[in-house]
Structures are given as C-alpha cells and as structure tokens.
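Reader: I'm new to this and would like to learn how to read a structure. Could you walk me through one?

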Amino acid sequence: MDLSQVAAGPYSTMFLGFMGAEVIKVESLSRMDINRGKARPGPDDLRVYPNGDPGERPWNTTAHHVHRNINKISVTLDLSADRGKELFRELVKVCDVLVENYRGSVMDRLGLGYDVVSKLNPQLIYLKISSQGATGPEANYGSLGSTLEQTAGLASITGYEDGLPLMTNLVYPDPVVGILSFGALMAALRRRLKTGTGCLVDLSQREVTTMLLGESILDFSVTGRVAGTMANRHRDMAPHGVYQCSGDDMWVAISVGSQNEWEGLCQAIGQPELATDTRFADPESRLGNQDALDQIISAWTEGQDHYEVMHLLQSRGVPAAPVVKGSEAIDDPHLEARGFWDVVEHPEAGTYKQVTTPWLLSKSSRQQSTPAPGLGEHNYQVLHGILGLSQGEIDTLVAHGITDDTPTE
Amino acid sequence: MTMTDDNILSDLSVLDLSQGVAGPFCAKLLAGLGAEVIKVEPPGAGDSSRSSGPHLGDTSTLESSALFSYINTSKKSVTLDPALPQQAQALKTLAKDCDILVESFPPGHLESVGLGYSDLTEANPDLIYVSVTPFGQTGPYSSYKGSDIVAQAAGALMYTIGLPDKPPLKVGGEAALYTTGVSAFSATMMAVYVRDTQGFGQHVDISAMEVMTVSQIHSSIYAQFGRTPARRETNLVRAKDGWVSPGLETGVQESTWLKVCELIGKPELIEDPRFTSQEARRANQQDLLDVIADWAGTKPKEEIYHTLQALRTITGYVATVEDLLVSQQFVAREFFKSLPDPEFGEVAHPRRSLPNGWQHLAVTPRTPIGRAQRRDTVPTPGVHPQ
C-alpha cells in the first residue's frame with residue numbers, strides 16, 4: 001500500500017512494482033499526490049504537461065506523476081471519513097508493506113499510525129520515510145529535496161570556487177532515499193521470514209543524505225577541517241572537470257587519476273610531450289597546475305563533439321563522458337543496448353521512454369512498465385476485487401465523496 | 001526464532017573484492033546488517049581508496065584515509081592478488097563458502113583469472129555475485145573507465161546542476177559513487193530475498209551511469225514533454241553566519257505568511273500584492289528573497305531554520321560538517337558514533353544509513369590491512385602475508 005507522495009516514496013514503490021509487487025496507490029479526492037499537479041491548472045502551470053497541453057484530466061498527465069507512479073494501481077479513499085478509515089484498515093490487513101512520507105505525525109493524527117495498523121496486521125512492514133526521522137526535536141519539520149541537501153550538509157560541499165553553496169535542482173536526496181528504501185524493505189521482508197513479524201522502518205532522509213559525505217565528517221572530527229565547495233575539482237585527481245565542446249551548452253567531463261590515464265590523455269590530445277613536462281609530472285604537480293591543465297584541455301575540446309571526445313579518450317583508457325542532457329540520454333546507444341529504457345504508452349499522456357531500475361538481476365528480471373494510473377482508475381478492482389464491496393456499496397461511497405475518479409479541489 | 005534488528009544478515013558471509021567507493025560501500029551496508037564481510041585487497045598498496053584524501057594524519061599512509069576508514073567499517077581484511085594463480089585459487093576456495101561476492105573489476109577481468117560468475121557457481125551454485133562498475137557488464141561502453149564526475153555527466157544528472165552562466169556542476173564529494181553502492185546494496189537485498197524464498201543465487205549487474213540516469217529524476221521526462229530543464233539561479237539568502245532558504249514560495253498555508261510579516265517586523269507586507277498568495281510569492285520570488293534577506297542577515301542560520309519551521313514553513317539552512325556534528329536532531333537520534341581508530345583516536349562516523357534501530361552495535365572501525373581476525377577466514381598458509 002503506497003500512501004507516499006512527491007519523489008522518495010513513489011520511487012521506492014515504483015521499484016517494488018518493477019520487481020513484481022502489486023502496488024496500490026492510495027490518494028484522496030481532496031488531496032491527490034502532489035505529483036499530479038492541480039485539478040484545474042492555470043496558464044502558468046502548463047509546463048508540466050505533455051507539450052504544454054493539460055488535456056481533459058490534467059491530474060493524470062503531469063510529468064512527475066507519469067514518470068514516478070508507473071507500475072501501480074490507483075484507488076481513492078477519504079481517510080478523514082470514518083468509512084474511509086474503515087476501508088483503509090481492511091486494506092492494511094491484506095498488504096505486506098505500507099509506505100508513507102507524510103509530515104511526521106500525520107498518520108497518528110488520522111488514527112492510522114504504526115501502533116494501530118500493526119495491531120491489525122502484525123506482519124505488516126511499515127516504511128515511514130520522513131525528513132528527519134520519526135523521533136527527535138525536528139521530527140515534525142517539513143522539507144523538500146532541496147532543503148534536505150542543505151540540512152544534510154550536501155550543499156556545503158557542492159558549488160563553484162566562490163564558496164556559494166548550491167543545490168542540485170534535482171531533489172537528489174529523493175532518488176537516493178527511494179533506492180535505499182527498496183533495500184531496506186527487502187531487509188525487513190527477510191527479517192519477517194525469520195521472525196514472522198513485521199516492523200516499523202524509520203527512514204530519515206536527512207540521515208541518508210548525510211551518509212554521502214561521510215569522509216568529510218571523519219576528517220572534521222579528527223583534523224577540524226571543514227569541507228567546502230571545490231567546483232568540479234577533486235582532492236586527488238587532476239585534471240578533473242568539464243570542458244566545453246561544440247554545440248549549444250555542450251560539455252565533456254574528464255577525470256585523470258593514475259599515471260597511465262595521464263599519459264593516455266597526452267596521447268589522445270596529440271601532445272605526448274606533456275607527459276614529460278615537469279609541471280605535470282606526477283599527481284601532486286598536476287594538482288598544483290590545474291589552471292594550466294584546464295586551459296590546454298579546453299583548447300583541445302573546443303569545437304569537438306562531446307560524444308566523440310569520450311570515445312577517443314576512453315580508447316586511450318581515460319575516464320570521460322559527455323555531460324548528457326535529458327534529450328540525449330533517451331537516445332544514448334549504451335543505455336539502448338542494455339535495454340535501460342522502457343517505452344510506455346500512456347493512454348492520456350502519450351508514448352514516452354521511462355526510467356527503469358538502477359540494477360539488472362540475471363534471474364529476477366524486471367517487469368515491463370505499466371502506465372501510471374489515472375486517479376481512481378482501479379477503484380472497482382480494489383474495492384470489489386480485494387475488499388469484496390458490491391457495486392451498490394461502491395456507488396454509496398461515491399455519493400458520500402469517499403471515492404471517485406475526479407478531484408474535488 | 002528471535003533476532004535483534006542488527007543481525008538480519010548475520011547468517012551470511014560476504015567476500016568483498018571491490019575497490020574504491022561504490023562496491024565497498026555496498027559491502028559496508030551489508031556488514032551494518034550483521035553480515036560477516038571479508039575484504040580482499042591486493043598486497044602492497046591495497047584498495048585504491050587507501051590513497052584517497054582526506055587523510056587523518058600529517059602524512060598519507062595506508063591507514064590514514066578518512067574515505068577508506070568510513071567505507072570499510074565492520075570488515076575483516078586479507079590481502080590476496082587474484083592475478084597470481086596460487087592466490088586466485090585461494091580466493092576460489094573462499095568463494096566456495098561465501099553467500100555474496102562483491103567485485104568492481106573491469107568486466108571480464110575476473111573471468112580471465114578463473115573467478116567469473118560461472119566459474120564460481122560450479123562449486124557454489126547459490127552464490128550471489130555482485131558486479132559494480134562504471135557502465136555495467138554489457139553494452140558498447142562496458143569497457144570504459146569511470147569516476148564520480150563521469151557517472152554524473154553520463155547519467156544526465158550533472159547538466160542541470162549549477163548556475164545558468166557557468167558550466168555544469170557536479171554534486172560534491174563522491175555522491176554518485178555512494179549512490180551506486182546504495183543501488184548495489186538494494187539489489188543484493190533483493191537477490192538475498194529471492195534466494196531465501198526461491199532457492200537460487202544470481203549475478204547482479206550495477207552500472208553507475210544507470211544509477212545516475214535513474215537519479216536525474218525529471219530531465220528525461222521533461223525533454224520528452226517538450227521542455228528542457230536548465231541550470232538556474234539559487235534561492236539561498238545570506239544569514240549572519242551562512243545561508244538559508246526561507247521556503248515561503250511553496251507549500252505554506254496563507255496564515256503562515258501573515259505570521260512571517262509580523263516576525264520580520266514588516267506588517268505592511270501583508271497588504272503587498274506581490275506576496276499575497278503563494279502564486280504571487282513564487283512569481284516575485286526574487287523580491288521576496290530580498291525582503292527576507294534584510295531580516296535574515298542579522299540572525300544565525302540555524303535560528304532562522306527553527307523559527308520559520310515552527311511556523312510550518314519548509315525552511316532549510318546550509319549545514320557544514322561542523323554544524324552537523326552539533327545538530328540537536330542528530331544528537332537526539334545518536335546519528336554519529338565515535339569509533340576508536342587504532343592510530344587516530346576517536347573518530348566520528350555517521351552511524352547508520354539504514355533505519356533507526358537497525359545498526360546498533362555492528363559498527364567496528366576498519367581493520368588494518370591484511371589483518372583478518374577470524375582463523376576460519378584466513379586462506380592457506382603462505383598465501384596470507386602477515
């Protein structure tokens with residue numbers, strides 16, 4: 001059962017769907033997943049729809065919803081109504097896993113927190129993804145991916161030479177938490193195999209994000225050094241950065257660690273004499289002369305195709321890759337060859353290429369993507385098929401505004 | 001059967017042949033759930049991350065890397081070189097009894113020394129064999145070399161990070177490689193669960209590029225919906241001692257704005273049409289940030305964070321590593337744990353990357369290179385240099 005919204009939770013349940021689980025996404029008509037956008041979008045909201053067209057049911061076609069809620073079925077239930085709560089409790093009894101990422105105590109206030117649902121279903125695994133974790137003085141604080149990057153320290157080490165901290169604009173903590181959540185759920189399922197009981201999985205997004213800078217924490221605790229921004233440079237490697245290529249805002253990323261890689265780079269750019277230049281003789285010299293290195297490399301990449309630069313450098317054993325745009329990623333030949341993208345035919349949003357899983361398992365292949373569901377699309381399937389309600393009972397629920405397929409606000 | 005939460009994997013042993021960040025981080029997470037992890041390093045310089053900065057001492061030694069120390073907690077270390085036939089044979093013997101093998105060699109390398117997936121499954125058919133590489137085991141780039149910045153670039157993560165008038169910017173540190181390790185961990189847990197319930201092992205293929213393509217989260221879908229996400233300006237405001245994001249332009253109730261106007265001593269803004277609705281505040285974001293900046297500049301960043309969060313905003317403050325260690329939230333949840341390092345004394349570690357209560361006691365500091373602690377994990381005499 002998936003009560004989660006926005007990115008981290010929906011990503012984790014998307015992965016569960018890919019690996020074969022039946023994922024029931026529960027929303028209410030007055031509070032849809034924020035990913036669905038507005039019930040009635042205004043002229044400033046159109047950028048999230050396919051080609052700017054919201055269509056007849058805008059809530060079914062936003063980019064975020066279409067892309068993050070695949071492999072799920074959708075049911076609507078008003079969890080503030082008694083009958084809605086009752087049906088929720090029935091549904092909990094037949095689920096293995098519940099995922100939610102509301103602000104700290106929302107589920108408790110609804111009377112549907114872990115204490116309650118674990119009594120209804122002692123085998124239930126309840127994944128609570130929250131900004132700060134379920135305990136502590138900030139347990140009820142709200143966050144976005146971008147504020148997590150700040151409070152977890154990641155922004156303090158991301159930025160250019162001027163030291164201004166920057167966020168990713170990509171809610172980076174959310175996919176990381178989504179990916180980790182999947183493994184945490186698998187661990188909890190294994191625990192259940194051994195013990196026969198479910199558990200609460202209390203996952204703090206801030207803590208997960210802070211683990212991405214562990215070495216800087218160890219370092220500070222011993223030496224007092226506070227890590228800061230380094231632009232695209234690296235503590236040990238040089239050259240290390242992005243270099244402009246031909247085309248509009250096209251770049252290639254290059255990193256040189258070992259001596260072999262350095263010599264490969266000198267060969268590739270047609271300046272083998274650099275390999276014996278004392279300014280660049282060893283890693284320390286290269287770290288000390290990075291500006292000169294960057295100038296030499298930029299002069300070489302300028303005017304070249306960024307994919308061609310990758311192939312040439314990699315043929316000499318030098319780590320390099322184009323700084324790929326989203327529009328290039330969907331046509332990348334390597335991802336294509338590995339079958340990374342699924343082509344999804346969404347009935348309302350059209351055909352598009354979908355991100356899949358950050359792993360390939362040789363014997364547990366992933367399921368083919370099924371399109372993100374329309375709001376309440378599977379009400380009958382869930383309410384009748386799983387909970388055994390008759391059509392008449394469902395009609396009564398609709399009449400009372402507890403379920404339907406059109407948002408109220 | 002009863003169990004404590006930190007021994008979910010205590011019946012499993014892991015042979016960690018991987019180097020650098022991603023593979024070893026996966027093995028660290030498995031160790032955190034109680035698995036016995038034997039780290040195998042090449043004799044001499046050991047794991048490449050041993051020479052990576054920052055170093056905890058004045059000089060760089062095999063035991064001084066903070067990166068290595070962080071990523072290799074709770075493991076036992078032995079040195080063996082798979083390129084030497086006798087030592088490859090010893091590794092094969094170790095692999096016969098392990099449940100999970102983690103490796104990060106270039107695709108094909110371990111096959112060439114008789115340690116490929118199909119070589120090892122002859123004697124250990126249920127083995128879970130986890131390969132963690134820059135581009136994966138197959139495909140035209142599979143032999144290509146990688147790094148953190150290369151993964152962020154290739155996976156379409158990096159293009160939209162940074163400011164509009166500057167080059168694309170990578171997420172700091174080794175974020176892509178850690179995330180790759182997280183993916184490897186999650187996939188391994190899936191494979192373990194499948195083995196428990198269906199009785200077979202398998203080969204897990206992790207590509208750092210794909211991990212990043214999953215993490216770019218919306219550039220690829222927007223590109224197909226007719227919009228190109230681009231680098232954009234920051235919404236940070238300078239506080240007295242650092243930076244905050246006030247978080248007033250999205251996700252706050254209308255009553256909150258009124259309270260904020262009172263708080264910052266500018267009640268006249270309540271009537272200001274630039275800010276009277278969430279839409280207006282978003283449309284006039286720069287004006288809003290300027291107004292807040294006058295107030296924020298005199299206040300400590302963490303105080304601003306707590307004050308505005310108390311009004312139910314989504315405020316952030318940019319914490320440095322120094323701030324993290326004194327964060328009351330982290331203190332309350334005992335997120336950092338001090339571990340005694342044999343050379344550098346007490347060292348603070350992020351204690352868990354898994355849920356609260358799951359990783360209580362399992363964390364132990366790195367073992368010095370080659371110093372396996374259990375007799376049954378030490379390979380044939382003469383092979384193991386001590």
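Reader: Which residues have the most contacts inside the largest nonpolar core?

Author: A nonpolar core is a set of buried Ala, Val, Leu, Ile, Met, Phe, Trp, Tyr and Cys residues joined through C-beta atoms within 7 Å; buried means 20 or more other C-beta atoms lie within 10 Å of a residue's own, with C-beta atoms placed from the backbone. Here the largest core has 228 residues, and those with the most contacts inside it include Leu127(A), Val252(A), Cys26(B) and Leu30(B). Helix 7 of chain B brings the largest share, 13 residues.

Author: One caution: this is a predicted model, where local features need pLDDT of at least 70, side-chain atom pairs count only at pLDDT 80 or more, and totals for chains, interfaces and linings use all residues. Residues are numbered from 1 along each chain as its sequence is written, while chains are lettered from A and ligands numbered from 1 in the order in which they are written.

Reader: How many residues does each chain put into the contact?

Author: Two residues touch if their C-beta atoms, placed from the backbone, lie within 7 Å. Chain B gives 115 residues and chain A gives 118. On chain B's side, helix 7 (residues 175–198) gives the most, 15 residues. Helices here are DSSP runs of H or I with at least four residues, and strands are runs of E with at least two, numbered from the N terminus.

Terms used
A residue is buried if 20 or more other C-beta atoms lie within 10 Å of its own, exposed if 12 or fewer, and partly exposed in between; C-beta atoms are placed from the backbone.
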